[in-house]
Amino acid sequence: MMQNVHLAAETDEDDLYSGYNDYNPTYDTEELENDTAFQQAVKTSHGRRPPSKTSLASSMGRPMTGAIQDGVTRPMTAVRAAGFTKAALRGSAFDPLGQSRGPAPPLEARNEDSPEEKIRQLEKKVNELVEESCIANSCGDLKLALEKAKDAGRKERVLVRQREQVTSPENINLDLTYSVLFNLASQYSANEMYPEALNTYQVIVKNKMFSNAGRLKVNMGNIYLKQRNYSKAIKFYRMALDQIPSVHKEMRIKIMQNIGVTFIKTGQYSDAINSFEHIMSVAPNLKAGFNLILSYFAVGDQEKMKKAFQKLIAVPLETEEDGKYISPNDDPHTNLVIEAIKNDHLRQMERERKAMAEKYIMTAAKLIAPVIETSFAVGYDWCVEVVKASQYVELANDLEINKAIMYLRQKDFNQAVETLKMFEKKDSSVKSAAATNLSFLYYLENEFAQASSYAELAVNSDRYNPSALTNKGNTVFANGDYEKAAEFYKEALRNDSSCTEALYNIGLTYKKLNRLDEALDCFLKLHAILRNSAQVLYQIANIYELMEDPNQAMEWLMQLISVVPTDSRALSKLGGLYDSEGDKSQAFQYYYESYRYFPSNIEVIEWLGAYYIDTQFCEKAIQYFERASLIQPTQVKWQLMVASCFRRSGNYQKALDTYKDIHRKFPENVECLRFLVRLCTDIGLKEVQEYATKLKRLEKMKEIREQRTKSGRDGSGGLRGRRDGSAGSDGGQNCGAGSRGERLSVQLRALPRTEEPYDSSSNKELDASYVDPLGPQIERPRTATKKRVDEDDFADEELGDDLLPE
């Protein structure tokens with residue numbers, strides 16, 4: 001059976017189109033002249049005869065349809081698709097990508113020396129320099145940014161010249177040139193090289209090939225504004241405004257806002273009002289609304305101020321509600337998402353925008369409240385009502401507190417207290433703020449019991465309020481319980497590590513407890529926060545002095561003088577330290593500077609006079625003792641020192657006249673009479689007998705007085721002895737009372753008067769002086785007056801606090 005089966009030979013079937021790509025000489029037109037068959041067909045009728053199969057195939061170069069070629073029949077179109085045979089599939093593999101042809105030839109190597117490649121590399125280098133300049137500017141290295149920008153400008157000019165030599169000018173990269181020039185102008189402006197920045201901007205603006213270059217006139221206007229050339233600034237702002245199309249609404253609004261601010265700086269408030277009114281009608285924003293209120297305040301238009309304040313309140317805040325960040329259920333996935341977005345960058349931006357809005361509204365209300373009505377109280381009430389009807393309801397309480405502060409500025413403490421007491425029934429945060437301020441007021445009036453009670457109320461209302469804790473610590477400090485005061489200050493620091501008042505106060509507390517090392521640590525930490533605080537520098541120097549380290553004390557006092565070079569007390573303190581070290585020349589320098597800034601310090605005057613006497617310059621000492629006699633005219637010793645200086649310098653007549661003048665003012669002064677007797681004897685005047693008689697009379701009276709005093713003491717001592725024998729317990733009480741009175745009198749003598757600041761040369765004890773801890777802190781607004789450092793700054797140790805805002 002298999003004998004009748006014949007397998008087709010693979011060689012019998014071949015590709016029908018094989019050979020069609022072979023070159024056929026028939027189509028060679030150049031050889032047609034040598035083709036005999038072609039020439040014969042052309043010349044005779046041989047070409048019109050029906051050709052044979054062999055001649056046709058040879059002449060046409062391809063087989064006829066249905067013809068047999070190499071044993072394979074050419075397919076007919078109507079029977080089978082042309083070009084498809086099984087033999088073709090059997091004889092060749094599927095290779096659509098032509099991988100059988102082998103790997104592609106290698107790429108042509110880049111020619112590094114070609115002009116196009118050099119231009120490409122130079123352009124890449126310029127772009128890198130511009131990026132490096134921008135990065136350096138963002139990092140704060142302005143000089144490096146400027147150097148990179150200049151380098152980019154130089155290389156860009158070389159690039160332009162090379163490109164002009166190789167290609168046509170139309171192929172120059174204008175975007176790169178623009179970015180290089182713009183970055184260079186920006187870096188000039190950042191380095192305050194304004195003329196160079198303006199010249200660079202002019203190059204960009206005047207080049208018509210740069211599109212939208214006219215917008216840079218805004219930057220030129222900003223530079224003129226920094227230079228206080230307001231007329232040119234307005235001119236360039238208006239030119240930029242004319243070149244910006246109306247579709248760019250936000251840009252036009254910002255330029256108009258700059259124009260309005262420039263008008264305010266020039267005092268053209270009516271033009272500024274027109275600009276800000278247009279902005280508030282088209283696209284209202286907080287800055288424009290606040291500037292509009294300032295403009296109306298400058299012209300004194302009360303009704304327009306009210307309307308502008310209402311417009312400012314109505315500006316949309318465009319922030320999410322706080323309820324969005326509160327989880328509605330206990331879904332862990334939702335809680336995780338809320339926790340993630342609670343403090344992200346968007347939330348921080350919302351907080352900043354809200355804080356800025358509150359700042360503008362509070363400042364505007366405090367500005368217009370005293371002038372929009374007949375009294376500031378009525379004005380504040382109007383502002384409070386408007387705020388309560390807006391989206392900023394929580395600011396109404398702050399305005400009420402500011403109203404109380406306004407009463408304080410007018411010295412109306414009763415009204416301030418009444419206003420603050422209204423908050424006792426409000427929510428906890430407002431109650432804590434009001435109680436803190438009430439504690440402050442009562443503390444200023446030395447009513448420590450009331451101050452302590454309100455400080456306690458503030459702490460109970462808000463335990464995490466550092467100001468309330470600091471006030472509570474101050475009231476405890478005033479009662480002398482330093483350990484407990486330190487605990488309150490520590491708790492305030494735990495709640496708010498940036499509370500500098502608590503840190504300062506705890507340093508003073510440790511100083512009172514004689515824990516000098518811990519006090520020094522506190523003040524050194526505070527110095528790291530407040531680098532130029534005169535009070536902190538003084539406390540550090542004073543602690544080093546108490547630790548018997550005069551070199552460190554002098555070093556910190558030198559830093560203090562660099563901060564407050566005209567403070568006479570710091571200068572005299574430093575002079576005293578040099579005097580104790582035996583350096584009289586340095587001590588004289590600082591004492592003299594102290595006298596120059598404050599010529600009424602008796603201790604400094606006395607030291608300078610004694611210095612000149614020790615150095616045998618009695619004539620120069622006279623002016624200091626004369627000034628001391630003017631300051632203390634009832635003290636005879638200064639006038640005696642003046643006369644003594646005249647006598648030591650050899651001016652006996654002037655000394656005699658001075659002694660006579662002293663005798664007229666103080667006729668019972670024995671020393672003056674003794675010098676008069678001596679001088680009259682030396683000079684040989686007749687008045688010597690008169691002064692001698694007066695001197696004997698005074699000496700005799702002095703002896704009688706002393707005898708009476710002595711006999712009185714003996715009599716009182718015998719009487720006291722008899723009383724002690726009869727009533728010992730009463731005598732003990734009397735002794736106790738006497739010792740107590742003696743102790744109180746010592747303390748009172750040690751206390752300097754309010755007009756007498758503490759000085760190192762004084763004989764008073766520092767610890768005997770009363771320490772007045774300033775404690776209360778005003779919470780809102782948080783601006784505080786800056787304490788002026790003058791001759792009274794270092795009189796006593798004062799606890800730090802937030803003072804009343806100005």
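## Overall make-up

The chain holds 35 helices and two strands, where helices (H or I, at least four residues) and strands (E, at least two) are DSSP runs numbered from the N terminus. This is a predicted model, in which local features need pLDDT of at least 70, side-chain atom pairs count only at pLDDT 80 or more, and totals for chains, interfaces and linings use all residues. Residues are numbered from 1 along each chain as its sequence is written, and side-chain values use heavy atoms, with hydrogens and water left out.

Of the 806 residues in the chain, 38% are buried; buried means under 20% relative accessible area, exposed over 50%, and partly exposed in between (1.4 Å probe, protein chains only). Among contacts with a separation of 6 or more, 54% come from residues 24 or more positions apart. Contact means heavy atoms within 4.5 Å.

## Helices α21 and α22

Two packed helices are described by the angle between their axes and the distance between the axes. For helix α21 (residues 466-478) and helix α22 (residues 482-495), the axes come within 8 Å and cross at roughly 170°. Axes are lines fitted to C-alpha atoms, for helices over the stretch in contact, and angles run from 0 to 180 degrees between N-to-C directions. The two helices are therefore roughly antiparallel to each other; angles under 35 degrees count as roughly parallel, over 145 as roughly antiparallel, 65 to 115 as roughly perpendicular and the rest as oblique.

On the α21 side, the residues that meet α22 include Leu469, Val476 and Phe477. Their counterparts in α22 include Tyr482, Phe488 and Tyr489. The residues of this contact of α21 with α22 divide into nine nonpolar, four polar and three charged. Here Ala, Val, Leu, Ile, Met, Phe, Trp, Tyr, Cys and Pro count as nonpolar, Asp, Glu, Lys and Arg as charged, and the others, Gly among them, as polar.

Thr475 also has its place in helix α21. Thr475 is buried, with a relative accessible area of 2%. Leaving aside neighbours within four places in sequence, Thr475 is in contact with Tyr443, Ala451 and Ser452.

## Helices α27 and α28

The axes of helix α27 (residues 568-580) and helix α28 (residues 584-597) come within 8 Å and cross at roughly 165°. That makes α27 roughly antiparallel to α28. The crossing of α27 past α28 is left-handed, a term used if the near helix is turned anticlockwise from the far one by less than a right angle, with right-handed used if clockwise.

Residues of α27 in this contact include Leu571, Leu574 and Tyr578, and those of α28 include Ala587, Tyr590 and Tyr591. The residues of the contact of α27 with α28 divide into seven nonpolar, six polar and three charged.

## Aromatic pairs

Rings of Phe, Tyr and Trp (its six-membered ring) pair if their centres lie within 6.5 Å; planes under 30 degrees apart count as stacked, over 60 as edge-to-face and the rest as tilted. By this rule the count comes to 23 aromatic pairs. Tyr442 and Tyr454 form a stacked pair, 5.5 Å centre to centre with 15° between the planes. Tyr442 lies in helix α19 (residues 428-444) and Tyr454 in helix α20 (residues 448-461), twelve residues apart. Tyr442 counts as buried at 9% relative accessibility, and Tyr454 counts as buried at 10%.

Tyr591 and Trp607 form another pair that is stacked, 4.4 Å centre to centre with 25° between the planes. Tyr591 lies in helix α28 and Trp607 in helix α29 (residues 602-614), so the pair ties together parts that are 16 residues apart in sequence. Both residues count as buried, Tyr591 at 2% relative accessibility and Trp607 at 14%. Ring pairs link Phe588, Tyr591, Tyr592, Tyr595, Trp607, Tyr611, Tyr612 and Tyr624 into a cluster.

## Trp638

Trp638 is found in helix α31 (residues 636-648). Trp638 is buried, with a relative accessible area of 2%. Not counting residues up to four places away in sequence, Trp638 touches Ile602, Glu606, Phe625, Ala628, Ser629 and Gln632. The C-alpha atoms of Trp638 and Glu606 are separated by 9.0 Å, and the two residues are 32 residues apart along the chain.

## Loop residues with positive phi

Asn212 lies in the loop between α7 (194-206) and α8 (217-226). Phi of Asn212 is near 60°, a positive value in a residue other than glycine. Asn212 is exposed, with a relative accessible area of 52%.

Glu548 has its place in the loop between α25 (534-546) and α26 (550-563). Glu548 has a positive phi of about 60° although it is not a glycine. Glu548 is exposed, with a relative accessible area of 72%.
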